[in-house]
Amino acid sequence: MNQEIHSTSSGQARQCQNCKKDFVIEPEDFAFYEKLDLPLPAMCPYCRWKYLLAFWVFGRFRIAKSALSGKTIITVLPESVPFPIYDRAEFVSDAWDPLTYGKDYDESRSFIEQLVELRSKVPHPHQVGTKNLNCDWTDDVFESKDAYLTRSALHLEFVSYGYRIVNCKNCIDVTYSFDLERSYDCLFCFKSYNLNYSFNSRDCMDSYFLYDCRNCQSCFMSWNLRNQKYCILNQSYSKEDYEKKINEYNLKSRAEIEKLKKEFWQHIQQDAVHRQDYNLQAVQSTGNFLTNDKNCRQCNFLEESENCQYVFRGFQNKETIDSTGALGCEKCALGAQAQYGYNNLCNLYSIGCRYSSYVDSCEESEYCFGCVGLRKKKYCVLNKQYTKEEYESLVEKIKTDMKKRGEWGKFFPLLSAHCGYNLSLAHIMFPITESEATKFGAKWEEPDEPHYENIISGDDLPDSIDQAGDEIVKQRILCPETKLSYNITKDELAFYREHEIPLPNRHFDWRTLERFKPFSLMITPQKGVCYNCKKEIEHYYSPEIGFKKIACLDCYQREVA
């Protein structure tokens with residue numbers, strides 16, 4: 001495809017082949033792509049992220065059968081996937097051999113087409129995640145115990161309905177939060193205990209409805225507080241008066257909670273002071289939601305990483321570019337949900353691979369090219385074993401052919417993603433219409449509408465937790481928003497009663513996505529002025545989010561920190 005290209009003093013300006021917006025390839029990018037022997041990108045960073053995120057399934061949990069043994073499994077992979085789905089324990093066992101699917105390279109055909117054909121035949125694991133106990137109803141969860149209907153997590157214990165969380169214990173409905181205990185309905189909260197209905201707060205305990213608070217205890221409906229106790233609406237009280245005032249709120253009532261949530265959000269929009277970005281200890285780095293990063297450019301949701309560029313969602317990465325969901329990767333490019341990789345290109349759902357390119361669902365393999373489902377293998381192409389010399393010669397031949405066809409450095413085709421765009425993380429962060437997805441090259445899937453009997457509407461649940469009887473755990477509940485059913489577990493009911501929390505009347509995925517929604521409005525840099533000093537600044541708050549007091553770092557430090 002022809003593309004408008006012209007040089008600028010700071011880099012090379014191009015027009016994105018997808019969205020048609022201008023973007024700049026910075027001087028630092030040239031060296032990075034050259035070192036990795038990659039062509040310069042034809043799409044802007046946001047469209048590159050959309051493309052890679054479309055391979056990240058955020059589908060419905062469903063009960064299925066392992067194609068190998070018939071064992072019952074729970075998976076988020078849709079029924080439409082062309083490949084067999086194996087129970088993960090069976091997938092990594094010796095009960096089958098992925099090399100039996102090996103095929104010769106046909107130089108007369110597109111290599112990526114041959115790889116897509118291979119991907120459609122080789123079995124895939126039903127679930128991403130390892131070293132878990134009693135975590136059947138999870139996906140992308142690692143080293144956890146007793147997690148339920150939770151995604152993208154590490155080191156959990158007794159957590160339900162979590163999403164992108166680490167080191168959490170005895171929590172429900174927590175999203176993008178680390179080191180929480182006995183907490184409920186939190187977003188972007190850290191190192192806190194018994195924190196509820198809160199957003200962007202750290203080191204807090206025994207509190208409700210906090211925004212941008214640090215080291216606070218027993219506070220309610222407050223924002224921008226530091227080292228405070230017994231505050232309501234940012235006003236200090238004595239311990240006795242605070243407790244008396246709190247008791248005036250009926251926190252057992254769903255109607256009261258919904259009213260407080262709306263009031264809380266209005267205070268966040270109108271009264272809270274917002275730092276121009278959400279970065280913490282990000283040295284010489286650009287982007288938003290960066291924590292303990294160094295020399296990372298145009299990244300979002302990245303922690304403990306160094307020398308990375310255009311990474312969207314990652315943890316502990318080095319010298320990695322154009323990737324999503326990268327965990328522990330170094331010298332990698334064009335990865336989607338790849339973990340603990342070194343010197344890899346175009347890796348999808350692969351763990352512990354080195355010096356490998358165009359691999360899908362491979363584990364602890366090295367020097368593999370265009371392979372699917374391999375474990376502890378070396379010198380393989382299209383799942384066929386070669387000697388070191390044969391491998392090196394064939395890979396060089398394939399790379400030359402791919403460059404001639406314009407394939408080299410392109411990711412797997414969007415149509416080969418495990419799910420439709422609307423069932424992926426891409427649609428959560430970059431929502432588009434079905435026609436836009438089709439134009440982008442992605443597919444769109446509408447799952448069958450389920451039919452239920454003996455079910456009640458979420459709107460008919462009792463308003464107060466005191467009114468919820470033990471029989472509720474036997475009842476299926478229909479979400480009025482999603483038309484999907486869910487249930488209240490026995491342990492969940494005990495948690496709500498202990499914390500005096502009303503029963504949720506919406507599906508767990510709807511709750512997670514509603515909680516996560518503000519983040520989709522905080523990833524694109526905006527030009528603005530500091531509300532206080534009127535200095536021009538770059539911030540990350542879309543006008544749609546409605547924040548009034550956006551401050552430069554200096555004014556934020558003076559007024560808040």
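Predicted model: local features only at pLDDT ≥ 70, side-chain atom pairs only at ≥ 80, totals over all residues.

Biologist: Which side chain does K261 meet in a salt bridge?

Modeller: D185, at 2.9 Å from N to O. A salt bridge here is a side-chain nitrogen of Lys or Arg within 4 Å of a carboxyl oxygen of Asp or Glu. D185 sits in strand 12 (residues 184-187) and K261 in helix 6 (residues 254-270), so the pair ties together parts 76 residues apart in sequence. Helices (H or I, at least four residues) and strands (E, at least two) are DSSP runs, numbered from the N terminus.

Biologist: And D185, buried or exposed?

Modeller: Buried, at 10% relative accessibility. D185 and K261 also belong to a salt-bridge network with D173, R511 and R515.

Biologist: How many salt bridges are there by that rule?

Modeller: The count comes to 37. Another one joins E117 and R109, 2.5 Å from N to O. E117 is partly exposed at 32% relative accessibility, and R109 is partly exposed at 25%.

Biologist: What does K378 pair with?

Modeller: K378 forms a salt bridge with E366, and their closest N and O atoms are 3.3 Å apart. That pair links distant parts of the chain, with K378 in strand 28 (residues 378-381) and E366 in strand 27 (residues 366-372), 12 residues apart. K378 counts as partly exposed, at 34% relative accessibility.

Biologist: OK, zooming out. How many helices and strands does the chain have?

Modeller: There are 12 helices and 35 strands. The radius of gyration is 25 Å, close to the 24 Å that the globule rule gives for 561 residues, so the chain is as compact as a globular protein of that length. That radius is taken over C-alpha atoms, and the globule rule is 2.2 Å times the number of residues to the power 0.38. Of the 561 residues, 56% count as buried.

Biologist: Back to single residues. Where is R313?

Modeller: R313 is in strand 22 (residues 309-315). R313 is buried, with a relative accessible area of 5%, and its phi is near 75°, a positive value in a residue other than glycine.

Biologist: What about N295, where does that one lie?

Modeller: In the loop between strand 20 (287-294) and strand 21 (299-303). N295 has a positive phi too, about 55°, although it is not a glycine. With a relative accessible area of 25%, N295 is partly exposed.

Biologist: Last one: what does S152 touch?

Modeller: Not counting residues up to four places away in sequence, S152 touches W56, D139, D140, V141, Y163, R164, I165 and R313; contact means heavy atoms within 4.5 Å. S152 is found in strand 10 (residues 150-160) and counts as buried at 7% relative accessibility.

Notes: Residues numbered from 1 in each chain as written. Heavy atoms only, no water. Buried < 20%, exposed > 50% of the residue type's maximum accessible area, 1.4 Å probe, protein only.
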